[in-house]
Amino acid sequence: MHIPDNFLATPVWGTLDAVSAGAVGVTIRRAGRDLPDTRIPLLGVMGAFVFAAQMINFPVGAGTSGHLVGGALLACTIGPAPAVLVMTTILAIQAFVFQDGGVLALGANVFNMAVAGVLAGYLPFRLLGASRRGLAIFTGGFLSVLVSGSLALCELLISGVRMPRALVFTSLGLFAMNALIEGAITISVVQALDKLNPGFVQKPAAARGRILVVLGCVALLLGAAGFLIASGSPDAIQNLGQTLGISARPAFQTPMANYAAGNFESAWLRRATAGLTGLLLICGLCAAGARMIARRRSA
Amino acid sequence: MHHVLVDHWSQGRSPLHTRDPRAKILVLLVFLIVLATTTANAYVTLVIDAAVLMSGILLAGLPPIGLLVRAAGILPFSATFGAITWMAGDGWRAAALIEKSYLSTVAVLLLVGTTPLPRLLGAMEALGTPRVLVLLAQFLYRYLFVISEQAQHLRVAAACRAGSGGRRQSRFKAAAGALAVLFARSYYRAEGIHRAMLARGFGGRFSLLNPMRFGALDAVFTGAIAALLILARVQ
(Lines give C-alpha, C1' and ligand atoms only; values in the text may rest on other atoms or scores of the structure.)
Protein backbone atom coordinates (compact mmCIF):
# COMPACT_ATOMS: atom_id res chain seq x y z
CA MET A 1 0.00 0.00 0.00
CA HIS A 2 3.04 2.29 0.03
CA ILE A 3 2.75 4.41 -3.13
CA PRO A 4 6.17 5.01 -4.76
CA ASP A 5 7.16 8.26 -6.47
CA ASN A 6 5.95 8.99 -10.01
CA PHE A 7 2.74 6.99 -9.70
CA LEU A 8 0.64 9.96 -8.64
CA ALA A 9 -0.01 13.03 -10.79
CA THR A 10 1.72 16.21 -9.59
CA PRO A 11 -1.50 17.94 -8.41
CA VAL A 12 -2.44 14.82 -6.43
CA TRP A 13 0.80 14.39 -4.49
CA GLY A 14 1.18 18.15 -4.12
CA THR A 15 -2.26 18.53 -2.59
CA LEU A 16 -1.84 15.53 -0.31
CA ASP A 17 1.61 16.72 0.84
CA ALA A 18 0.05 20.05 1.83
CA VAL A 19 -2.97 18.43 3.49
CA SER A 20 -0.83 15.93 5.43
CA ALA A 21 1.60 18.64 6.57
CA GLY A 22 -1.37 20.61 7.89
CA ALA A 23 -2.98 17.59 9.55
CA VAL A 24 0.27 16.48 11.21
CA GLY A 25 0.91 20.07 12.33
CA VAL A 26 -2.52 20.26 13.96
CA THR A 27 -1.95 16.85 15.57
CA ILE A 28 1.38 17.94 17.05
CA ARG A 29 -0.32 21.00 18.51
CA ARG A 30 -3.13 18.86 19.87
CA ALA A 31 -0.82 16.16 21.20
CA GLY A 32 1.55 18.77 22.63
CA ARG A 33 -0.97 19.73 25.26
CA ASP A 34 -1.27 16.28 26.81
CA LEU A 35 2.06 14.92 25.57
CA PRO A 36 4.93 15.90 27.86
CA ASP A 37 8.50 15.34 26.64
CA THR A 38 8.64 12.29 28.89
CA ARG A 39 6.30 10.42 26.53
CA ILE A 40 8.44 10.93 23.41
CA PRO A 41 10.87 8.04 24.09
CA LEU A 42 7.83 5.83 24.67
CA LEU A 43 6.31 6.80 21.32
CA GLY A 44 9.62 6.22 19.51
CA VAL A 45 10.01 2.76 21.02
CA MET A 46 6.37 1.93 20.23
CA GLY A 47 7.13 2.87 16.61
CA ALA A 48 10.02 0.41 16.70
CA PHE A 49 7.57 -2.15 18.12
CA VAL A 50 5.17 -1.71 15.17
CA PHE A 51 8.13 -2.18 12.79
CA ALA A 52 9.30 -5.30 14.61
CA ALA A 53 5.75 -6.68 14.87
CA GLN A 54 5.90 -7.37 11.13
CA MET A 55 8.33 -10.19 11.89
CA ILE A 56 5.72 -12.15 13.85
CA ASN A 57 3.56 -14.09 11.43
CA PHE A 58 -0.06 -14.95 12.03
CA PRO A 59 -1.29 -18.10 10.26
CA VAL A 60 -4.44 -17.23 8.33
CA GLY A 61 -4.96 -20.43 6.39
CA ALA A 62 -4.17 -21.77 2.92
CA GLY A 63 -0.47 -21.70 3.82
CA THR A 64 -0.33 -17.90 3.94
CA SER A 65 0.29 -15.61 6.87
CA GLY A 66 -0.50 -12.05 7.77
CA HIS A 67 1.08 -9.51 10.09
CA LEU A 68 0.02 -6.53 12.16
CA VAL A 69 -0.23 -3.12 10.44
CA GLY A 70 -0.80 -1.42 13.74
CA GLY A 71 -2.76 1.82 13.24
CA ALA A 72 -5.82 0.72 15.22
CA LEU A 73 -3.79 -1.02 17.95
CA LEU A 74 -1.69 2.12 18.51
CA ALA A 75 -4.78 4.36 18.51
CA CYS A 76 -6.48 2.45 21.33
CA THR A 77 -3.32 2.00 23.42
CA ILE A 78 -1.31 5.22 23.22
CA GLY A 79 -4.15 7.44 21.96
CA PRO A 80 -5.15 8.65 18.47
CA ALA A 81 -3.03 11.82 18.21
CA PRO A 82 0.24 10.14 19.32
CA ALA A 83 -0.65 7.20 17.02
CA VAL A 84 -0.86 9.57 14.02
CA LEU A 85 2.60 10.93 14.87
CA VAL A 86 4.12 7.46 15.36
CA MET A 87 2.67 6.17 12.06
CA THR A 88 3.90 9.32 10.26
CA THR A 89 7.42 8.72 11.59
CA ILE A 90 7.31 5.06 10.58
CA LEU A 91 6.28 6.00 7.03
CA ALA A 92 9.04 8.63 6.81
CA ILE A 93 11.70 6.12 7.94
CA GLN A 94 10.33 3.54 5.50
CA ALA A 95 10.49 6.07 2.65
CA PHE A 96 14.06 7.25 3.34
CA VAL A 97 15.89 4.29 4.86
CA PHE A 98 14.06 1.34 3.32
CA GLN A 99 12.84 2.97 0.06
CA ASP A 100 9.35 1.69 0.82
CA GLY A 101 7.09 4.40 -0.60
CA GLY A 102 8.18 7.59 -2.34
CA VAL A 103 9.51 10.82 -0.83
CA LEU A 104 7.20 13.11 -2.81
CA ALA A 105 4.39 10.59 -2.27
CA LEU A 106 5.08 10.63 1.50
CA GLY A 107 2.20 13.06 2.00
CA ALA A 108 -0.17 10.71 0.20
CA ASN A 109 1.03 7.71 2.22
CA VAL A 110 0.81 9.68 5.48
CA PHE A 111 -2.70 10.79 4.59
CA ASN A 112 -3.85 7.25 3.73
CA MET A 113 -2.24 5.30 6.52
CA ALA A 114 -1.32 7.67 9.35
CA VAL A 115 -4.16 10.20 9.23
CA ALA A 116 -7.21 8.50 7.65
CA GLY A 117 -6.12 4.99 8.68
CA VAL A 118 -5.58 5.82 12.36
CA LEU A 119 -8.74 7.95 12.59
CA ALA A 120 -10.85 5.25 10.94
CA GLY A 121 -9.28 2.76 13.35
CA TYR A 122 -10.05 4.92 16.37
CA LEU A 123 -13.57 6.03 15.48
CA PRO A 124 -15.41 2.75 16.33
CA PHE A 125 -13.47 2.56 19.61
CA ARG A 126 -14.54 6.10 20.43
CA LEU A 127 -18.19 5.55 19.54
CA LEU A 128 -18.74 1.93 20.62
CA GLY A 129 -15.80 1.30 22.95
CA ALA A 130 -17.74 1.74 26.18
CA SER A 131 -20.54 -0.68 25.35
CA ARG A 132 -19.19 -3.23 22.86
CA ARG A 133 -15.43 -3.05 23.19
CA GLY A 134 -14.52 -6.23 21.33
CA LEU A 135 -16.61 -5.38 18.30
CA ALA A 136 -15.30 -1.80 18.32
CA ILE A 137 -11.65 -2.90 18.28
CA PHE A 138 -12.22 -5.49 15.55
CA THR A 139 -14.08 -2.93 13.41
CA GLY A 140 -11.32 -0.41 14.04
CA GLY A 141 -8.63 -2.75 12.72
CA PHE A 142 -10.83 -3.67 9.76
CA LEU A 143 -11.67 -0.08 8.82
CA SER A 144 -8.12 1.26 9.21
CA VAL A 145 -6.75 -1.09 6.56
CA LEU A 146 -9.78 -0.86 4.27
CA VAL A 147 -9.84 2.95 4.31
CA SER A 148 -6.07 3.22 3.67
CA GLY A 149 -6.24 0.74 0.82
CA SER A 150 -9.22 2.21 -0.96
CA LEU A 151 -7.84 5.75 -0.62
CA ALA A 152 -4.56 4.62 -2.21
CA LEU A 153 -6.48 2.97 -5.02
CA CYS A 154 -8.58 6.09 -5.64
CA GLU A 155 -5.48 8.29 -5.71
CA LEU A 156 -3.86 6.04 -8.30
CA LEU A 157 -7.01 6.03 -10.43
CA ILE A 158 -7.50 9.78 -10.22
CA SER A 159 -3.85 10.22 -11.28
CA GLY A 160 -4.65 8.44 -14.52
CA VAL A 161 -2.95 5.09 -13.77
CA ARG A 162 -4.87 2.73 -16.02
CA MET A 163 -6.30 -0.27 -14.26
CA PRO A 164 -8.73 -2.70 -15.82
CA ARG A 165 -11.89 -3.28 -13.85
CA ALA A 166 -10.86 -6.82 -12.93
CA LEU A 167 -7.67 -5.57 -11.30
CA VAL A 168 -9.55 -2.94 -9.29
CA PHE A 169 -11.94 -5.64 -8.06
CA THR A 170 -9.06 -7.97 -7.19
CA SER A 171 -7.22 -5.29 -5.24
CA LEU A 172 -10.36 -4.28 -3.36
CA GLY A 173 -10.98 -7.93 -2.51
CA LEU A 174 -7.39 -8.27 -1.25
CA PHE A 175 -7.73 -5.12 0.82
CA ALA A 176 -10.95 -6.41 2.37
CA MET A 177 -9.27 -9.72 3.22
CA ASN A 178 -6.24 -7.97 4.74
CA ALA A 179 -8.65 -5.73 6.64
CA LEU A 180 -10.40 -8.76 8.16
CA ILE A 181 -7.02 -10.22 9.17
CA GLU A 182 -5.95 -6.90 10.72
CA GLY A 183 -9.20 -6.77 12.69
CA ALA A 184 -8.67 -10.32 14.00
CA ILE A 185 -5.02 -9.66 14.91
CA THR A 186 -5.84 -6.37 16.64
CA ILE A 187 -8.56 -7.86 18.81
CA SER A 188 -6.53 -10.93 19.81
CA VAL A 189 -3.49 -8.79 20.71
CA VAL A 190 -5.73 -6.51 22.79
CA GLN A 191 -7.18 -9.56 24.58
CA ALA A 192 -3.67 -10.78 25.35
CA LEU A 193 -2.65 -7.29 26.52
CA ASP A 194 -5.62 -7.23 28.88
CA LYS A 195 -4.27 -10.34 30.57
CA LEU A 196 -0.79 -8.78 30.97
CA ASN A 197 -1.89 -5.37 32.22
CA PRO A 198 -5.40 -3.99 31.69
CA GLY A 199 -3.96 -0.48 31.91
CA PHE A 200 -2.36 -0.77 28.44
CA VAL A 201 -5.63 -0.27 26.58
CA GLN A 202 -7.26 3.12 27.05
CA LYS A 203 -10.63 3.50 28.67
CA PRO A 204 -12.85 4.96 25.97
CA ALA A 205 -13.90 8.35 27.32
CA ALA A 206 -17.33 9.89 26.96
CA ALA A 207 -17.65 11.86 23.72
CA ARG A 208 -15.42 14.90 24.12
CA GLY A 209 -13.41 16.65 21.45
CA ARG A 210 -15.90 16.80 18.64
CA ILE A 211 -13.25 17.69 16.06
CA LEU A 212 -11.78 14.23 16.21
CA VAL A 213 -15.15 12.58 15.76
CA VAL A 214 -15.96 14.86 12.81
CA LEU A 215 -12.55 14.22 11.24
CA GLY A 216 -13.04 10.50 11.75
CA CYS A 217 -16.45 10.59 10.10
CA VAL A 218 -14.98 12.49 7.14
CA ALA A 219 -12.20 9.91 6.78
CA LEU A 220 -14.72 7.10 6.98
CA LEU A 221 -17.05 8.70 4.45
CA LEU A 222 -14.16 9.33 2.08
CA GLY A 223 -13.05 5.74 2.38
CA ALA A 224 -16.53 4.34 1.96
CA ALA A 225 -17.34 6.59 -0.99
CA GLY A 226 -14.04 5.72 -2.63
CA PHE A 227 -14.72 2.03 -2.12
CA LEU A 228 -18.20 2.26 -3.64
CA ILE A 229 -17.19 4.40 -6.61
CA ALA A 230 -14.12 2.33 -7.31
CA SER A 231 -15.95 -0.96 -7.16
CA GLY A 232 -18.82 0.45 -9.23
CA SER A 233 -16.84 1.94 -12.06
CA PRO A 234 -13.12 2.66 -11.99
CA ASP A 235 -13.63 4.66 -15.18
CA ALA A 236 -15.69 7.20 -13.25
CA ILE A 237 -12.70 8.17 -11.14
CA GLN A 238 -10.40 8.35 -14.15
CA ASN A 239 -12.94 10.57 -15.90
CA LEU A 240 -13.08 12.74 -12.80
CA GLY A 241 -9.30 13.04 -12.95
CA GLN A 242 -9.48 14.06 -16.59
CA THR A 243 -12.32 16.50 -15.98
CA LEU A 244 -10.33 18.20 -13.26
CA GLY A 245 -7.35 18.29 -15.60
CA ILE A 246 -5.25 16.18 -13.26
CA SER A 247 -4.51 13.41 -15.71
CA ALA A 248 -4.17 13.59 -19.47
CA ARG A 249 -6.89 14.62 -21.94
CA PRO A 250 -9.08 17.20 -20.20
CA ALA A 251 -12.72 16.83 -21.19
CA PHE A 252 -13.56 20.50 -21.21
CA GLN A 253 -12.03 23.89 -20.52
CA THR A 254 -12.02 25.08 -16.92
CA PRO A 255 -10.54 28.40 -15.75
CA MET A 256 -7.29 26.62 -14.94
CA ALA A 257 -7.62 23.88 -17.52
CA ASN A 258 -4.35 22.18 -18.31
CA TYR A 259 -2.97 24.07 -15.34
CA ALA A 260 -2.35 27.02 -17.63
CA ALA A 261 -1.85 30.34 -15.91
CA GLY A 262 -0.17 33.50 -17.16
CA ASN A 263 1.39 33.96 -20.58
CA PHE A 264 4.52 31.92 -20.30
CA GLU A 265 6.24 30.59 -23.40
CA SER A 266 6.82 27.08 -22.14
CA ALA A 267 3.87 24.84 -21.45
CA TRP A 268 5.80 23.22 -18.63
CA LEU A 269 6.37 26.54 -16.86
CA ARG A 270 2.69 27.37 -17.25
CA ARG A 271 1.63 24.08 -15.74
CA ALA A 272 4.15 24.41 -12.94
CA THR A 273 2.98 27.93 -12.09
CA ALA A 274 -0.65 26.92 -12.01
CA GLY A 275 0.19 23.86 -9.91
CA LEU A 276 2.20 25.94 -7.46
CA THR A 277 -0.58 28.52 -7.21
CA GLY A 278 -3.04 25.76 -6.35
CA LEU A 279 -0.62 24.33 -3.82
CA LEU A 280 -0.10 27.69 -2.12
CA LEU A 281 -3.85 28.23 -2.07
CA ILE A 282 -4.43 24.90 -0.33
CA CYS A 283 -1.51 25.53 2.04
CA GLY A 284 -3.01 28.89 2.97
CA LEU A 285 -6.45 27.39 3.51
CA CYS A 286 -5.04 24.64 5.73
CA ALA A 287 -2.98 27.12 7.77
CA ALA A 288 -5.99 29.42 8.19
CA GLY A 289 -8.21 26.50 9.22
CA ALA A 290 -5.63 25.22 11.70
CA ARG A 291 -5.22 28.70 13.21
CA MET A 292 -8.97 29.10 13.53
CA ILE A 293 -9.32 25.76 15.31
CA ALA A 294 -6.40 26.55 17.59
CA ARG A 295 -7.82 29.98 18.46
CA ARG A 296 -11.25 28.59 19.18
CA ARG A 297 -9.77 25.91 21.42
CA SER A 298 -7.57 28.33 23.36
CA ALA A 299 -10.44 30.80 23.81
CA MET B 1 25.11 0.25 14.41
CA HIS B 2 25.67 -1.30 11.01
CA HIS B 3 22.58 -3.40 10.70
CA VAL B 4 21.49 -1.64 7.55
CA LEU B 5 23.79 -1.51 4.55
CA VAL B 6 23.09 2.18 3.91
CA ASP B 7 24.26 2.92 7.46
CA HIS B 8 27.59 1.40 6.52
CA TRP B 9 27.74 3.32 3.23
CA SER B 10 26.95 6.60 4.93
CA GLN B 11 30.15 6.48 7.02
CA GLY B 12 32.37 7.35 4.02
CA ARG B 13 34.57 10.43 3.56
CA SER B 14 33.94 11.36 -0.09
CA PRO B 15 33.22 14.94 -1.29
CA LEU B 16 29.54 13.99 -1.45
CA HIS B 17 29.56 12.61 2.12
CA THR B 18 31.07 15.83 3.47
CA ARG B 19 28.53 18.16 1.80
CA ASP B 20 26.10 19.81 4.19
CA PRO B 21 23.07 17.49 4.57
CA ARG B 22 20.69 20.42 3.99
CA ALA B 23 22.27 21.01 0.56
CA LYS B 24 21.80 17.32 -0.30
CA ILE B 25 18.15 17.34 0.80
CA LEU B 26 17.42 20.43 -1.31
CA VAL B 27 19.11 18.89 -4.36
CA LEU B 28 17.14 15.66 -3.86
CA LEU B 29 13.87 17.59 -3.74
CA VAL B 30 14.73 19.50 -6.94
CA PHE B 31 15.68 16.21 -8.60
CA LEU B 32 12.47 14.44 -7.56
CA ILE B 33 10.19 17.32 -8.56
CA VAL B 34 11.90 17.79 -11.93
CA LEU B 35 11.65 14.05 -12.55
CA ALA B 36 8.00 13.91 -11.48
CA THR B 37 7.06 16.65 -13.96
CA THR B 38 9.10 15.18 -16.84
CA THR B 39 6.86 13.97 -19.64
CA ALA B 40 7.00 10.43 -20.90
CA ASN B 41 8.79 11.16 -24.19
CA ALA B 42 11.48 13.52 -22.87
CA TYR B 43 14.13 10.82 -22.96
CA VAL B 44 17.01 13.33 -23.21
CA THR B 45 16.03 14.69 -19.79
CA LEU B 46 15.78 11.18 -18.38
CA VAL B 47 19.25 10.31 -19.71
CA ILE B 48 20.73 13.49 -18.19
CA ASP B 49 19.06 12.72 -14.85
CA ALA B 50 20.44 9.19 -14.91
CA ALA B 51 23.92 10.54 -15.74
CA VAL B 52 23.76 12.96 -12.79
CA LEU B 53 22.87 10.07 -10.47
CA MET B 54 25.61 7.82 -11.86
CA SER B 55 28.28 10.48 -11.42
CA GLY B 56 26.99 11.02 -7.88
CA ILE B 57 27.38 7.32 -7.08
CA LEU B 58 30.92 7.25 -8.52
CA LEU B 59 31.90 10.48 -6.76
CA ALA B 60 30.63 9.12 -3.44
CA GLY B 61 32.59 5.88 -3.92
CA LEU B 62 29.51 3.74 -3.27
CA PRO B 63 29.37 0.28 -4.87
CA PRO B 64 27.39 1.00 -8.09
CA ILE B 65 26.15 -2.56 -8.60
CA GLY B 66 25.12 -2.97 -4.97
CA LEU B 67 23.22 0.31 -4.99
CA LEU B 68 21.49 -0.34 -8.31
CA VAL B 69 20.47 -3.84 -7.20
CA ARG B 70 19.13 -2.49 -3.93
CA ALA B 71 17.08 0.12 -5.76
CA ALA B 72 15.66 -2.68 -7.94
CA GLY B 73 13.41 -3.58 -5.00
CA ILE B 74 10.93 -1.11 -6.47
CA LEU B 75 10.79 -2.93 -9.84
CA PRO B 76 8.21 -5.67 -9.14
CA PHE B 77 5.65 -3.03 -8.17
CA SER B 78 6.37 -0.58 -10.97
CA ALA B 79 6.78 -3.33 -13.57
CA THR B 80 3.28 -4.61 -12.75
CA PHE B 81 1.77 -1.19 -13.31
CA GLY B 82 4.03 -0.65 -16.31
CA ALA B 83 2.73 -3.88 -17.87
CA ILE B 84 -0.88 -2.80 -17.33
CA THR B 85 -0.22 0.62 -18.87
CA TRP B 86 1.58 -1.02 -21.78
CA MET B 87 -1.33 -3.40 -22.38
CA ALA B 88 -3.62 -0.37 -22.38
CA GLY B 89 -1.61 0.75 -25.44
CA ASP B 90 0.53 3.45 -23.84
CA GLY B 91 4.07 2.14 -24.33
CA TRP B 92 5.86 5.46 -23.72
CA ARG B 93 4.06 6.02 -20.49
CA ALA B 94 4.75 2.47 -19.29
CA ALA B 95 8.48 2.85 -19.95
CA ALA B 96 8.55 6.27 -18.29
CA LEU B 97 6.71 4.96 -15.22
CA ILE B 98 9.26 2.19 -14.64
CA GLU B 99 12.26 4.38 -15.47
CA LYS B 100 11.16 7.35 -13.38
CA SER B 101 10.23 5.37 -10.29
CA TYR B 102 13.59 3.54 -10.48
CA LEU B 103 15.56 6.78 -10.85
CA SER B 104 13.69 8.31 -7.88
CA THR B 105 14.60 5.31 -5.73
CA VAL B 106 18.28 5.52 -6.74
CA ALA B 107 18.27 9.24 -5.87
CA VAL B 108 16.86 8.62 -2.38
CA LEU B 109 19.41 5.81 -1.85
CA LEU B 110 22.20 8.18 -2.90
CA LEU B 111 21.09 10.66 -0.21
CA VAL B 112 20.81 8.14 2.64
CA GLY B 113 23.93 6.31 1.43
CA THR B 114 26.03 9.47 1.84
CA THR B 115 24.42 10.95 4.97
CA PRO B 116 24.29 9.27 8.40
CA LEU B 117 20.72 9.32 9.73
CA PRO B 118 21.39 11.57 12.77
CA ARG B 119 22.81 14.24 10.43
CA LEU B 120 19.94 13.77 7.97
CA LEU B 121 17.39 14.27 10.77
CA GLY B 122 19.33 17.26 12.11
CA ALA B 123 19.14 18.82 8.64
CA MET B 124 15.42 18.10 8.41
CA GLU B 125 14.89 19.87 11.73
CA ALA B 126 16.93 22.82 10.46
CA LEU B 127 14.71 22.88 7.35
CA GLY B 128 11.55 23.15 9.44
CA THR B 129 10.45 19.60 10.40
CA PRO B 130 8.80 19.78 13.86
CA ARG B 131 11.12 18.78 16.71
CA VAL B 132 8.67 16.15 17.99
CA LEU B 133 8.82 14.19 14.73
CA VAL B 134 12.62 14.39 14.55
CA LEU B 135 12.96 13.15 18.15
CA LEU B 136 10.47 10.36 17.44
CA ALA B 137 12.41 9.28 14.35
CA GLN B 138 15.67 9.23 16.31
CA PHE B 139 14.24 7.04 19.07
CA LEU B 140 12.46 4.83 16.55
CA TYR B 141 15.58 4.19 14.49
CA ARG B 142 17.79 3.70 17.55
CA TYR B 143 15.53 0.99 19.00
CA LEU B 144 14.34 -0.55 15.74
CA PHE B 145 17.08 -3.19 15.74
CA VAL B 146 16.85 -3.84 19.47
CA ILE B 147 13.11 -4.54 19.35
CA SER B 148 13.41 -6.49 16.08
CA GLU B 149 15.98 -8.74 17.71
CA GLN B 150 13.56 -9.32 20.57
CA ALA B 151 10.82 -10.19 18.09
CA GLN B 152 13.24 -12.67 16.50
CA HIS B 153 13.91 -14.26 19.91
CA LEU B 154 10.17 -14.57 20.57
CA ARG B 155 9.70 -16.24 17.21
CA VAL B 156 12.49 -18.74 17.80
CA ALA B 157 11.17 -19.48 21.30
CA ALA B 158 7.67 -20.11 19.96
CA ALA B 159 9.05 -22.42 17.25
CA CYS B 160 11.08 -24.32 19.87
CA ARG B 161 8.05 -24.83 22.06
CA ALA B 162 5.50 -25.82 19.44
CA GLY B 163 7.23 -26.20 16.10
CA SER B 164 4.93 -25.50 13.23
CA GLY B 165 2.29 -27.99 14.28
CA GLY B 166 -0.89 -27.46 16.22
CA ARG B 167 -4.23 -26.08 15.21
CA ARG B 168 -4.31 -22.81 13.30
CA GLN B 169 -6.44 -21.17 15.94
CA SER B 170 -4.04 -21.93 18.75
CA ARG B 171 -1.04 -20.81 16.68
CA PHE B 172 -2.87 -17.55 15.93
CA LYS B 173 -3.45 -17.05 19.65
CA ALA B 174 0.18 -17.83 20.43
CA ALA B 175 1.33 -15.21 17.92
CA ALA B 176 -1.03 -12.66 19.50
CA GLY B 177 0.41 -13.50 22.90
CA ALA B 178 3.95 -13.04 21.60
CA LEU B 179 3.03 -9.63 20.19
CA ALA B 180 1.44 -8.60 23.49
CA VAL B 181 4.61 -9.61 25.33
CA LEU B 182 6.69 -7.64 22.81
CA PHE B 183 4.40 -4.65 23.35
CA ALA B 184 4.75 -4.83 27.13
CA ARG B 185 8.55 -5.23 26.98
CA SER B 186 8.87 -2.28 24.60
CA TYR B 187 6.67 -0.20 26.88
CA TYR B 188 8.67 -0.89 30.03
CA ARG B 189 11.96 -0.59 28.15
CA ALA B 190 10.96 2.91 27.02
CA GLU B 191 10.37 3.97 30.62
CA GLY B 192 13.80 2.69 31.60
CA ILE B 193 15.44 4.39 28.62
CA HIS B 194 13.89 7.71 29.51
CA ARG B 195 14.98 7.55 33.15
CA ALA B 196 18.52 6.61 32.11
CA MET B 197 18.65 9.49 29.61
CA LEU B 198 17.46 11.99 32.22
CA ALA B 199 20.10 10.68 34.62
CA ARG B 200 22.75 11.40 31.98
CA GLY B 201 21.48 14.96 31.49
CA PHE B 202 19.27 14.67 28.38
CA GLY B 203 17.65 18.05 27.79
CA GLY B 204 15.04 17.19 25.20
CA ARG B 205 17.23 17.45 22.11
CA PHE B 206 19.94 15.33 20.47
CA SER B 207 22.99 17.33 19.43
CA LEU B 208 25.44 16.53 16.64
CA LEU B 209 29.10 16.02 17.55
CA ASN B 210 30.29 18.24 14.71
CA PRO B 211 27.70 20.91 13.91
CA MET B 212 26.46 21.47 10.37
CA ARG B 213 27.97 24.30 8.36
CA PHE B 214 26.48 25.44 5.06
CA GLY B 215 29.63 26.74 3.35
CA ALA B 216 30.28 28.35 -0.03
CA LEU B 217 31.06 24.95 -1.54
CA ASP B 218 27.64 23.68 -0.43
CA ALA B 219 25.96 26.70 -2.01
CA VAL B 220 27.82 26.12 -5.29
CA PHE B 221 26.96 22.40 -5.19
CA THR B 222 23.26 23.07 -4.62
CA GLY B 223 23.05 25.86 -7.20
CA ALA B 224 25.01 24.07 -9.92
CA ILE B 225 23.18 20.74 -9.75
CA ALA B 226 19.76 22.33 -9.36
CA ALA B 227 20.45 24.59 -12.37
CA LEU B 228 21.67 21.63 -14.45
CA LEU B 229 18.59 19.58 -13.62
CA ILE B 230 16.15 22.43 -14.32
CA LEU B 231 17.91 23.34 -17.57
CA ALA B 232 17.78 19.72 -18.68
CA ARG B 233 14.07 19.76 -17.97
CA VAL B 234 13.21 23.03 -19.71
CA GLN B 235 15.50 22.64 -22.78
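Select chain A and colour it by secondary structure: this predicted model shows 10 helices and two strands there. Followed along the sequence, the order is α-α-β-β-α-α-α-α-α-α-α-α.

The accessible area is about 12,800 Å², and carbon and sulfur atoms hold 66% of that. Of the 299 residues in chain A, 52% count as buried. For contacts in chain A with a separation of 6 or more, 73% join residues 24 or more positions apart.

Next, select the cysteines. How many disulfides are there over all chains? A search of the whole structure finds zero. A:Cys76 counts as buried because its relative accessibility is 4%, under the 20% cut-off. B:Cys160 counts as exposed because its value is 65%, over the 50% cut-off.

Now show both chains and go to the place where they meet. Chain B gives 70 residues to the contact and chain A gives 64. Together the two chains bury about 6,200 Å², with 80% of it on carbon and sulfur atoms. On the chain B side, select B:Phe172, B:Leu179 and B:Phe183: these lose the most area to chain A, together 13% of what that side buries.

Which elements of chain B give two or more residues to the side that touches chain A? Among them are helix 2 (21–36), helix 8 (131–162) and helix 10 (216–234). Helix 9 of chain B supplies the largest share, 19 residues.

Last, look for polar groups across the interface of chain B and chain A. The rule finds seven residue pairs in polar contact and zero salt bridges.

Methods: Residues are numbered from 1 along each chain as its sequence is written. Chains are lettered from A and ligands numbered from 1 in the order in which they are written. This is a predicted model: local features need pLDDT of at least 70, side-chain atom pairs count only at pLDDT 80 or more; totals for chains, interfaces and linings use all residues. Side-chain values use heavy atoms; hydrogens and water are left out. Helices (H or I, at least four residues) and strands (E, at least two) are DSSP runs, numbered from the N terminus. Buried means under 20% relative accessible area, exposed over 50%, partly exposed in between (1.4 Å probe, protein chains only). Contact means heavy atoms within 4.5 Å. Accessible areas come from the Shrake-Rupley method with a 1.4 Å probe; for residues, only the protein chains shown count as cover. A disulfide is a pair of cysteine sulfur atoms within 2.5 Å. Buried area is the accessible area (1.4 Å probe) that two parts lose on being put together, summed over both. A salt bridge is a side-chain nitrogen of Lys or Arg within 4 Å of a carboxyl oxygen of Asp or Glu. A polar contact is a pair of N or O atoms within 3.5 Å; within protein, one must be able to donate a hydrogen and the other to accept it, and residues adjacent in sequence count only if both atoms are side-chain atoms.
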